[in-house]
Amino acid sequence: MKELFTTGEAAEICRVSQQTIIRCFDSGRLEGFRVPGSKFRRIPRESLMKFMKGNAIPLDGLETGKKKVLVVDDDAEIVDLLVEVLSRDGRFDVKTATSGYEAGIQTQRFRPDCILLDYMLPDVNGNVVCHTIRKNPEFENIRIIIVSGVIKQDEIDQLLKSGAQDFVKKPFDINDLIKKICASLEMLQKSA
C-alpha cells in the first residue's frame, strides 16, 4: 500500500486540480513535507486521509487503487459488454450513463478517471459533453475516449480539440480499448 504521495497523485485521488492540492499544502491545510534540496512536496497517507475526511472527499480513490471508468452509451449491449469486461479485468471500478445529462450527474458523483463516451447520444453529441467537462477545472484530469461507429475525420479532429484524448471506432477490439484506457491513464500519471 502506497504511503507517500506527490501533489499530482493526491490531486488524482481527491479528483481536484494539482494547483488546488499545492495551495492547500502551502497554506498548511494539507500536511506534508518538502523533499530536501528541491521544490517537491510529499504527502503521507495519514495526512491525505485526514485532509479528505475534513473536506468530505470520498476515500474510495485512496482505498481501492482501482481506476474509475464511466461508460456513456445508449446502446445497452455495448454498455453491458464494457461493464462486464472492465469489471472482470479487476483494475477498474465502472459506472454507466445512457445520456449526456446522466453523464454530467455521474461525473459529479463518481469523479471518474476516464470516460468512454459514445459520440451520438440521445440528447447531445460528444462535443457538448467534452466542452462541458473541460469547462470545469475540477475535471481537468479526467481522460475522455470517444467511442463511435458513425463519425468523419473532421468530427474526430473537433472532438480532440474539444478535450477528448483519444478515439476508438466501433466495432472495436476490447483488448485494444483496454490498452487505450490504460495508456491514457498512464499519460495522466506521468504529467502529474
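How many helices and strands does the secondary structure of the protein come to? Please then look closely at helix α1 and the cysteine in it.

Reply: This is a predicted model, in which local features need pLDDT of at least 70 and side-chain atom pairs count only at pLDDT 80 or more, while totals for chains, interfaces and linings use all residues. Residues are numbered from 1 along each chain as its sequence is written, and side-chain values use heavy atoms, with hydrogens and water left out.

The secondary structure comes to 9 helices and 8 strands, where helices (H or I, at least four residues) and strands (E, at least two) are DSSP runs numbered from the N terminus. Helix α1 covers residues 7-14, and 7 of its 8 residues are buried, buried meaning under 20% relative accessible area, exposed over 50% and partly exposed in between, with a 1.4 Å probe and protein chains only. The buried residues of α1 are Thr-7, Gly-8, Ala-10, Ala-11, Glu-12, Ile-13 and Cys-14. After α1 comes Arg-15, whose phi is positive, near 60°.

As for the cysteine, the structure holds 0 disulfides, a disulfide being a pair of cysteine sulfur atoms within 2.5 Å. Cys-14 is accordingly in no disulfide, and the nearest cysteine sulfur, that of Cys-24, is 8.7 Å away. Cys-14 counts as buried because its relative accessible area is 5%. Cys-130 is likewise in no disulfide, with the nearest cysteine sulfur, that of Cys-114, 11 Å away, and Cys-130 is buried with a relative accessible area of 0%.

For contrast, Lys-39, in the loop between β2 (33-34) and β3 (41-44), counts as exposed because its relative accessibility is 63%. Lys-39 and Asp-118 are 79 residues apart in sequence and, C-alpha to C-alpha, 41 Å apart in space.

Turning to the whole protein, 47% of the 192 residues count as buried. The radius of gyration, taken over C-alpha atoms, is compared with a globule rule of 2.2 Å times the number of residues to the power 0.38; for 192 residues a compact globule would have a value near 16 Å, and the protein's 17 Å agrees with that. The C-alpha trace spans about 55 × 35 × 30 Å along its principal axes. Among contacts (heavy atoms within 4.5 Å) between residues at least 6 apart in sequence, 60% join residues at least 24 apart.
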